[in-house]
Amino acid sequence: MRIIKQAVNYDTDYFVDENTLYRNQLVNPIELTQAITYLWGTQQGKSTPLLNYTLGQNGVTKKKPTKLNDTRYRWPVMGRMELITVVDSLVQTLTKPGVAGTTFDVLFRDGMLHAYYTLYSPSGIQLRVNYEPTRVGELYRANVTIMSSNSELYVPLGDFISGTAWGYGVPTIPASKSDGTASNRVTPGEATNQFGFYRFSNNIAGNIANKVTEIEFTFDGAPPTRLWMPEEMRQFEWQNSNMIEHDLWKSEYNRTADGRVTLLDPTTNEPVPKGAGVFETVVSVGNYDTYFNLTLDKLDGIVNYIYDHRTDDTPSELVLYTGAGGKRMFNDAVMRDSSAKGFFTPLGDKFITGGDYLRYGAYFNQYKTINDVLLTVQETDYFNHGTEAQMDRRNGRMYNGHPFYSYNMAILDHSLDSTGGRNIEIVVEEGREKIVKIYEGMSTIPAVWGPSVSEGSIARAATKKDIASYEVIMSMGINFKNPYTSFFLNFSAD
Amino acid sequence: MIEISKIVEIRVKQQESEFQKINSTHLPRGADRLGESKRSTSKLKSDGKLMSLLMPELLGISEESPKWDERLVEYFGSLTVYIQNTLKLEVGHLYSINDPNREEDIKLLQKDNKLINSDESLANYVESNIPYERRILYGRPINSYDYLVHRIALEHGHVANNIKDVDVSPRIRFYLYTDEEKAIQLKEEAESKRNLIKAQSIILSDDTVLSDVLWAYNLVKPNGNADKYKDDEKVIAIDRISKENPSWILSISTDKNLSLKAKIAKYIATGILYQLPGSDVITDGINKDVTLGNQMIDVIRYFKDSSNAQVVNAYEMKYKSLIGKIDK
């Protein structure tokens, strides 16, 4: 066997024409076979999980921009009703606050306390708020007394460390002559994100539309062809969807609080809006952790935390996305746990099978937590072969044969929300979801681009040059109505 | 037994994104988490002595247990430290000359230093001469969990070991902060405040210097016609500039070229010279192709160069003729 040509060439020429095929030796005789050996597979795997999952479930919301170039959108959110107040400091200089039934003053950061409320200090001392607290600048001053009749009791000074959370409870009053008090409430607020725009172009020249190669290309559900353009468009669409997928994960919100988009296109001086992607959204609420050896305790901790934010009975659809590395870590975690608990020996016949020649190997990809959550590993090529994974491979950031990125795990909550919509949605601009147009010149329009715009014996062209281009504009962003129920677990090699 | 306490804080690096800022009220951030990293785990687990002295208490089993390795992997893998803005760790040691787990190492120390004969002398010697990472050989951590978290943080790529390194890498999410660092920071702050007050007094004690400083600030940031300021306004302006740009006030108070800089600023205000916006580049006011200097130091050199005396004199004559035309 001899190598008759370089197997992979990357061509970044602006226009694709016959020269592209000659330069890359696609029209030279191929001696071995006409079927291509795809060194990295056909790259048609599951590399766009977000696009597949959201669009597949019709999880798309169309928004009309309110102003020119303003792609922001808002959605109402309701916080959690809590019986918590945060302490700022002890007002008087005391060593044993509250001892022998003495009253003292405490500054709190919020106005959650009202007259006669019960207060629970972190060390478990119960106190009573004697009067309606008074506002002192940004703080609230409450006069309090320990409820217990034990005169030795006092509140430890450690309970007054600024930022410590105290609990509050039922207002208690004497049997007669009492006055009224007040109550608290949580009101809805609005969260904000925005979408951005994408632009893709495929430029051709001359008669590339009808050029055949010495290689036969096959496509799912279509007869094999030697025409180059179907393959060109397959790659064009693959690149576009993979670039979009990556952006949906990694995009960063770029509008300042006063409404300015910091990124300006220097040619047009127009703002280039970008919304928060999966990573920024989840990290912004603190749902981020690192790991090196995955354990079930770690997964339990994450699931418990996620479910701490779901006290309703809406069905859950948690999907654990990861790559081959993460899948292996998941299996190792379950194996280690089952081995530590002595379950592994009885399960031996599940892992070692066969007759005279034995087979060793069976793997876990599901874990059911104590609160009945079934975590299923969804391996996706985004983590194995996406942009970050490709950079890891090239930069030597590998562990056990997989790029670091393939060990990362994202637990995403695709559940339905209370209104029947999806928690994670693609957001697009109404009317500009995806606009595709052909900029037609003298170049022949390939069938794979769809019908030519011009018709009739003398066609019309937009340019007199022997070129044409396939132009795409898209608006898109991703949004989590409730970001607290998703989590990013980062494999940390550093 | 002697207890030498040492408090270290792990602080969250404040790096709120625009998305967080805009949603901070309705989507508040929870506690940040510091989990395992390959580097910290590998480094600590490769130190067998550290593991055998520290981990039995945390794992609840001895090193001889057949489950030792497995439990170590599980413990490090499951560890998540929750940090709500800051977390204080007790990373000090308890020293006892008769500590049975450290007998051999203490004896080796005594071999080289005969004065180590009590808990106190052991504590003093170790605290002054032994690096922090090796003190565990001679003293038991006061709080084993806090000590482990600190050792993990010291090796973790997401933690800067001091506040100065916080921007070294975009991966850094936390930094370590000690009382010593706090004292140094306080000292530096006090020193710079002291110098600033000294600089302000130099400026405010001389009317000409005061006026020149206000003019010269125009070269850094548009400050308007300094001659129009009333006395009280001048004092307030100096206070404002001190807050905006304290390092500039410090340097200008002893700048030998102050009057020349003020003059250049006046020439710019009258259109005799032109300063390229947002830069130090200064050109002739009419012919902008004639650059006097790309940096202030070049412009000063131009004015001081005797071969340019004719041009400089011409600028001065022109300024005198225009002096009444500065925007009032």
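**Exercise 1. The sheet of chain B**

In what order do the 4 strands of the open sheet in chain B lie?

*Solution.* The coordinates belong to a predicted model.

Step 1. The strand order in chain B is 5-2-9-8, and the pairing is mixed.

Step 2. Strand 8 of chain B runs parallel to strand 9 (residues 174-178) of chain B, and 2 bridges join them. In this pairing, V159(B) is found opposite F174(B) of strand 9.

**Exercise 2. The domains of chain B**

State the bounds of the domains assigned to chain B and how far apart their C-alpha centres lie.

*Solution.* Step 1. The domain assignment places residues 2-178 of chain B in domain 1 and residues 206-325 in domain 2.

Step 1. Between the C-alpha centres of domain 1 and domain 2 of chain B there are 54 Å.

**Exercise 3. The interface of chain A and chain B**

Describe the contact between chain A and chain B by its residues, its buried area and its salt bridges.

*Solution.* Step 1. Chain A contributes 41 residues to the contact, and chain B contributes 33 residues.

Step 1. About 3,200 Å² is buried between chain A and chain B, and carbon and sulfur atoms give 54% of this area. On the side of chain A, the residues that lose the most area to chain B are S284(A), F292(A) and D494(A), together 18% of what that side buries.

Step 2. The rule finds 2 salt bridges across the interface of chain A and chain B. The side chains of E74(B) and R336(A) form a salt bridge, with an N to O distance of 3.0 Å.

**Exercise 4. The setting of K298(A)**

Is K298(A) buried or exposed, and which residues is it in contact with?

*Solution.* Step 1. K298(A) belongs to helix 5 (residues 296-308) of chain A.

Step 1. The relative accessible area of K298(A) is 2%; the limit for buried is under 20%, so K298(A) is buried.

Step 2. Leaving aside neighbours within four places in sequence, K298(A) is in contact with D289(A), T290(A), Y291(A) and L489(A) in chain A, and with G35(B), E36(B), G77(B), S78(B), L79(B) and T80(B) in chain B.

Key
Residues are numbered from 1 along each chain as its sequence is written. Chains are lettered from A and ligands numbered from 1 in the order in which they are written. This is a predicted model: local features need pLDDT of at least 70, side-chain atom pairs count only at pLDDT 80 or more; totals for chains, interfaces and linings use all residues. Side-chain values use heavy atoms; hydrogens and water are left out. Two strands pair if DSSP finds at least two bridges between them. Domain bounds come from an automatic or database domain assignment. Buried means under 20% relative accessible area, exposed over 50%, partly exposed in between (1.4 Å probe, protein chains only). Contact means heavy atoms within 4.5 Å. Buried area is the accessible area (1.4 Å probe) that two parts lose on being put together, summed over both. A salt bridge is a side-chain nitrogen of Lys or Arg within 4 Å of a carboxyl oxygen of Asp or Glu.
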